[in-house]
Amino acid sequence: MIRAEKLTRRFGDTVALDHTDVHIREHAITVIMGGSGSGKTTLLRLLSALDVPSSGSVWFDGDDLAHIGRKRLYELRSRMGMVFQYSALLNSLNVYDNVAFPLHEHTDLDESVIRTIVSMKLEQVGLRGFEHLMPSELSGGMAKRVAFARALAMDPEVVFFDEPTSGLDPISAGVVTTLIQDLSHKTNMTSIVVTHDVHAGLSIADHVILLWQGRVIAEGSADDIRNSSDERVTQFIEGRPDGPIPFSRSKTAYLDDLLGEAAGDRA
Amino acid sequence: MSAAQSVVAGNWLTRLLGRLGRRVLGTVSWLGDMATITVSSLALIFAPPWQGRHFVLQLYALGVGSFIIIAITGAFTGMVLSLQGYYTLAKFGSESLLGSAVALSIIRELGPVLGALMLVGRAGSSITAEIGIMRVTEQLDALKMMAVNPQARIILPRIVATTVALPLLVSMFDIIGLGAGYVVGVELLGVNAGAFTGEMIAKIFPEDLYAGWSKALAFGVLIGSICTYMGYRAVPTTEGVARATTQAVVIGSVAILMLDYILTSFFL
């Protein structure tokens with residue numbers, strides 16, 4: 001359904017994604033994991049056409065998202081949904097209007113029908129009865145669930161999740177994770193989840209893609225990843241500070257710098 | 001000058017010219033980007049879906065919301081003009097010309113300029129901050145993902161609203177300013193009421209009104225374009241939005257004064 005070929009994204013001299021090939025499986029939950037700065041959010045933005053690659057292609061049902069017109073892109077986007085890291089609810093609208101927003105925009109449905117759909121979607125995320133609340137009155141977990149309901153409003157074929165559990169307490173994170181798994185399987189949709197939450201990611205994934213320094217270093221089922229012998233994978237899964245993935249991003253060793261300065265002072 | 005000093009001076013000049021060139025190129029690129037965003041947004045006015053409801057909401061928020069500040073500015077501008085004008089004209093025994101002096105100053109110049117400066121300070125800053133915060137909180141991306149073009153939904157109604165609102169606000173400014181000028185000139189300073197209004201009516205021609213409204217229209221487009229653009233292109237951080245808001249007001253105010261000079265020379 002979605003396929004990325006030799007995808008590269010540069011920001012100035014920094015290469016966020018480097019000739020990456022990704023294949024997203026239809027009707028499955030694909031979890032993209034990796035440490036901070038590994039390129040997973042960049043990959044998600046490219047797959048959802050919120051960003052344009054420096055080179056390479058993203059294919060969505062035969063269309064190269066980087067080379068299609070706005071009209072066609074918006075047609076394809078009506079088949080997509082997205083839950084943003086900070087929910088991205090429209091501040092000026094209450095919960096009801098946020099969830100109903102895509103329906104008001106893209107359908108001619110009667111308001112009573114829209115009300116029923118909104119009620120149904122909010123029930124799916126366990127928030128029916130909270131229609132009147134404004135985004136500022138919601139907790140982080142509730143806002144994520146409202147964003148999820150909004151993403152589901154048009155019954156999309158593909159839903160993108162950007163860090164769905166970040167900033168949530170363990171219970172809220174568990175609720176959101178379970179919701180993604182349940183609704184993905186019940187509605188048979190394709191879910192693409194970007195997260196660095198190893199436990200949550202592996203627990204719901206049908207397919208896992210692990211990124212490091214803008215490249216895919218491992219791919220497969222959750223068990224494949226758990227049983228991988230690649231040291232980079234095991235270090236990430238186990239959260240070990242020591243290993244091939246360095247903790248420090250400094251370009252030179254601190255001790256060398258200190259000794260160099262001391263030698264300079266003496267000279 | 002020694003050879004070494006010449007080389008140093010040459011290097012310094014090269015660096016200066018390089019910096020100047022980069023600054024010029026940056027400004028040209030910035031202006032081009034703003035023009036592109038503005039024109040491509042305005043072109044969407046004919047494309048469905050029609051954003052009429054959002055335009056009306058913005059017209060209310062920007063226009064009605066700015067009325068009080070415009071009314072206060074208009075009143076005090078008319079009062080000061082009348083007071084200052086009276087003592088200047090009195091030196092030449094021409095107090096009877098006070099009405100036309102106040103009216104021409106307000107209608108041709110101060111109404112559009114001060115009205116625009118008030119609008120950019122009050123409504124322009126809120127436009128930039130609102131759009132900038134929408135960028136920080138990914139609401140603009142959320143609109144895109146819901147197949148809603150932010151240029152049509154967010155930028156277009158605001159540019160149209162400032163363009164329509166400013167001539168209306170300037171008309172209010174003019175009426176209130178003239179009224180306040182009349183009160184100070186006639187009621188407080190004792191200028192003959194007939195002379196004040198008679199001179200005013202005799203010396204104001206339709207061209208003066210058109211000039212004022214044309215300026216207001218142009219300033220409205222300018223304010224809408226600059227303030228929406230600054231928010232749309234704000235660096236998505238708290239500091240970035242704050243800086244964009246400040247820049248929108250500063251650049252907007254300076255641009256209004258520069259455009260005013262051009263338009264005034266055109267309408268004279």
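Me: The radius of gyration is taken over C-alpha atoms, and the globule rule is 2.2 Å times the number of residues to the power 0.38. What radius of gyration does chain B have?

Reply: This is a predicted model, in which local features need pLDDT of at least 70, side-chain atom pairs count only at pLDDT 80 or more, and totals for chains, interfaces and linings use all residues. Residues are numbered from 1 along each chain as its sequence is written, chains are lettered from A in the order in which they are written, and side-chain values use heavy atoms, without hydrogens and water. For a compact globule of 268 residues the rule gives a value near 18 Å, whereas chain B has 23 Å.

Me: Which elements make up chain B, from the N terminus on?

Reply: Helices (H or I, at least four residues) and strands (E, at least two) are DSSP runs. Chain B has 8 helices and 0 strands. The order is therefore α-α-α-α-α-α-α-α.

Me: What percentage of the residues of chain B count as buried?

Reply: A residue is buried at under 20% relative accessible area (1.4 Å probe, protein chains only). Of the 268 residues in chain B, the buried share is 46%.

Me: Which residues of chain A lose the most area to chain B?

Reply: Contact (heavy atoms within 4.5 Å) joins 24 residues of chain A to 17 residues of chain B. Buried area, the accessible area (1.4 Å probe) that two parts lose on being put together, summed over both, is about 1700 Å² for these chains, 59% of it on carbon and sulfur atoms. Together accounting for 27% of what the chain A side buries, the residues that lose the most are A:Tyr74, A:Phe84 and A:Phe101.

How values were computed:
Buried means under 20% relative accessible area, exposed over 50%, partly exposed in between (1.4 Å probe, protein chains only).
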